[in-house]
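This report describes a sheet, the helices packed on it and the nonpolar cores of one model. Please read it alongside the sequence and the coordinates shown here.

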Amino acid sequence: MIDSLERVLTHEAAGTAWNLDKTMATWPAADGRGSAHALGAVDHESDLAVFKTWVNTPAGASALMTIFSAADGALLGVAEAGVAGALRTAAVSGLATRWLADPAADELAILGAGRQALRQVEAVAAVRPLRRVRVWNRTAAKAAELAGQVRDRLGLDAVTAASVPEATAGAPIVSLITRAADPLLRPAHLASGAHLNAVGAILPSHAEFHHELLDDTDLTVVDSEPNARRGSRELREHYGDDWSAVRTLAEVVTGKAARPDRPHRTVFKGMGMGLSDLAVARLLAGGTP
């Protein structure tokens, strides 16, 4: 999946693949908010056009992906996209980590222990030789459950942390995968040289990290700038109308933007984009990474 996404982003950089920008609606729901989302993408070189729609509520969620030929409009398939969504969200974190984290990074702190968290760990482990994973979650029992899954399914050493500072202290890679309504990660929580993947809190009202964290970040990268402008409270609060310092993951993988030799911090904010789902569709349709 990581390799497939990297290939698709080279197509985007070459001007032969495009995102259909995300649209969404939210509403009050029991114990939280409900949200409906739609996005898509076209990749001329892969001969694919893909749409994904999903509804997320506190009581449950469902997602569907439809796959078409971009050449003749033929319907190639319809897929239940829950697992595919977790795979593409993890793959984009893995790809960002491949290009932005210290090549020697061998420890991950993951904040959040929901249904996508294990895939996030798996993706980082695919691109860095992890020796240990630290897990924090608001519910300690969920953190312990995820740590057990990391040990049993991935064969990695995993420990739980009692607090965010304990989880992140000295960690070279930190991944956020939460539904936090307000920031839980602050600048002091991150070690010098750390790379942050922030891929939760995709509602415009929500934030996982405090925007001041971006003050001394050397490189801020997004998957889709239009989606980030609409949906990332953290980036909107920090950058306002001037997003000239923000780069895209496609620019990174094609060398138009690069990780500094000794960065104080790098940040990837993933909001979800159609090309990530198309990278999954390439494999479902029988393509090669």
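## Basis and terms

Helices (H or I, at least four residues) and strands (E, at least two) are DSSP runs, numbered from the N terminus. This is a predicted model, in which local features need pLDDT of at least 70 and side-chain atom pairs count only at pLDDT 80 or more, whereas totals for chains, interfaces and linings use all residues. Residues are numbered from 1 along each chain as its sequence is written, and side-chain values use heavy atoms, with hydrogens and water left out.

## The open sheet

Five strands form an open sheet in the order β1-β2-β3-β4-β5, with antiparallel pairing (two strands pair if DSSP finds at least two bridges between them). Because β1 (17-29) and β5 (75-80) stand at the edges, each with a single partner strand, one side of each is left without a neighbour in the sheet. From one strand to the next the twist averages 10 degrees.

Strand β4 (residues 60-68) pairs with β5 in the antiparallel sense over five bridges, and Phe68 has Leu75 in β5 as its bridge partner. Helix α1 (residues 2-14) packs on the sheet, touching β1 and β2 (32-43), and its direction makes about 110 degrees with that of β1; contact means heavy atoms within 4.5 Å, while axes are lines fitted to C-alpha atoms, for helices over the stretch in contact, and angles run from 0 to 180 degrees between N-to-C directions.

## Asp277 in helix α9

Asp277 lies in helix α9 (residues 274-284). At 1% relative accessibility Asp277 counts as buried (under 20% relative accessible area, with exposed over 50% and partly exposed in between, for a 1.4 Å probe and protein chains only). Leaving aside residues up to four places away in sequence, Asp277 touches Leu39, Val50, Lys52, Met65 and Arg88.

## Helices α1 and α2

α1 and helix α2 (residues 82-100) pack at an angle of about 75 degrees, with their axes 9 Å apart. That makes α1 roughly perpendicular to α2, a class that covers 65 to 115 degrees, where angles under 35 count as roughly parallel, over 145 as roughly antiparallel and the rest as oblique. Ile2, Asp3, Leu5, Glu6 and Leu9 in α1 meet Ala91, Val92, Gly94, Leu95, Arg98 and Trp99 in α2.

## Nonpolar cores

The largest nonpolar core has 58 residues, and those with the most contacts inside it are Val133 and Leu249; such a core is a set of buried Ala, Val, Leu, Ile, Met, Phe, Trp, Tyr and Cys residues joined through side-chain atoms within 4.5 Å. α2 gives the most to this core, with seven residues. A second, separate core of 26 residues includes Ala109, Trp136, Leu196 and Ala198.
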